[in-house]
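Open your viewer and switch to the cartoon view. Keep the sequence panel at hand. The tour goes from stop to stop.

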Amino acid sequence: MTRILLLSDTHSHIDEKILKYANQADEVWHAGDIGDLAVTDTLKKLKPLRAVWGNIDNHEARTEFPENNRFMCEGVDVWITHIGGYPGRYDRRIREAIKKDPPKLFICGHSHILKVMWDKSLGLLHMNPGAAGKHGFHKVRTMLRFNIDGEEIKDLEIVEMEK
């Protein structure tokens, strides 16, 4: 079983609350808009990190991390990108690729709105962890915790933090 902490849109912010949950995970996944690479450098010192760059990220982040990160975690095919859209309204940049070869778990950030939903037409689970940083219109900072056990995604938990 792999315990995952999923966050996005840190916009250069990292604090003890994020680090507390990172320490409890086996891996940390970041869905873009990292901001200062000190955020990911700090996370990498604690746990294995998988990340993508977002629209606010500079050339250093774009050199270190891919735009799309597709990988297997145990028996789950995962695709992380920053701007991905939602079931039935995927971003045009990835729309055809996701229809042609859907993952089991599709993760994006960008909207600052936490949303987890099934895409029945593609048979995948869509996750957006909202925003863990302080910059943006969101009123509550959010992250997601969940486990991957073989081919199962389970034990989903929403983490809410004061802005």
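In which strand does Asn69 lie? Select Asn69: it lies in strand E4. Strands (E, at least two residues) and helices (H or I, at least four) are DSSP runs, numbered from the N terminus.

Before moving on, a note on the model. It is predicted, so local features need pLDDT of at least 70 and side-chain atom pairs count only at pLDDT 80 or more, while totals for chains, interfaces and linings use all residues. Residues are numbered from 1 along each chain as its sequence is written, and side-chain values use heavy atoms, with hydrogens and water left out.

**Stop 1: around Asn69**

Is Asn69 buried or exposed? Asn69 is buried, because its relative accessible area is 16%. Buried means under 20%, exposed over 50%, and partly exposed in between (1.4 Å probe, protein chains only). Now show its contacts, meaning heavy atoms within 4.5 Å. Leave aside neighbours within four places in sequence, and Asn69 touches Arg50, Ala51, Val52, Val78, Trp79 and Ile80.

**Stop 2: the sheet with E4**

Select strands E4, E5, E8, E10 and E9. They form an open sheet of 5 strands in the order E4-E5-E8-E10-E9, with mixed pairing. Two strands pair if DSSP finds at least two bridges between them. Strand E4 (68–73) and strand E9 (114–119) are at the edges with a single partner strand each, so one side of each has no neighbour in the sheet. Neighbouring strands are turned by 15 degrees against each other on average, direction ignored. Such angles use axes, which are lines fitted to C-alpha atoms (for helices, over the stretch in contact), and run from 0 to 180 degrees between N-to-C directions.

Zoom in on E9 and strand E10 (residues 124–129). They run antiparallel, joined by 6 bridges. Pick Val116: its bridge partner in E10 is Met127.

**Stop 3: the other sheet**

Select E3, E2, E1, E11 and E12. What is the order of these 5 strands? This open sheet reads E3-E2-E1-E11-E12, again with mixed pairing. Strand E3 (49–51) and strand E12 (152–162) each have a single partner strand, so one side of each is left without a neighbour.

Look at strand E2 (residues 27–30) beside E3. These two run parallel, with 3 bridges. His30 has Ala51 in E3 as its bridge partner.

**Stop 4: helix H2**

Select helix H2 (residues 38–46). Its buried residues are Val39, Thr40 and Leu43. They sit on the same side of H2, because they cover an arc of only 85 degrees around the axis. The buried residues of H2 pack against helix H1 (16–24), E2 and E3.

Definitions and conventions. Arc of directions from axis to C-beta.
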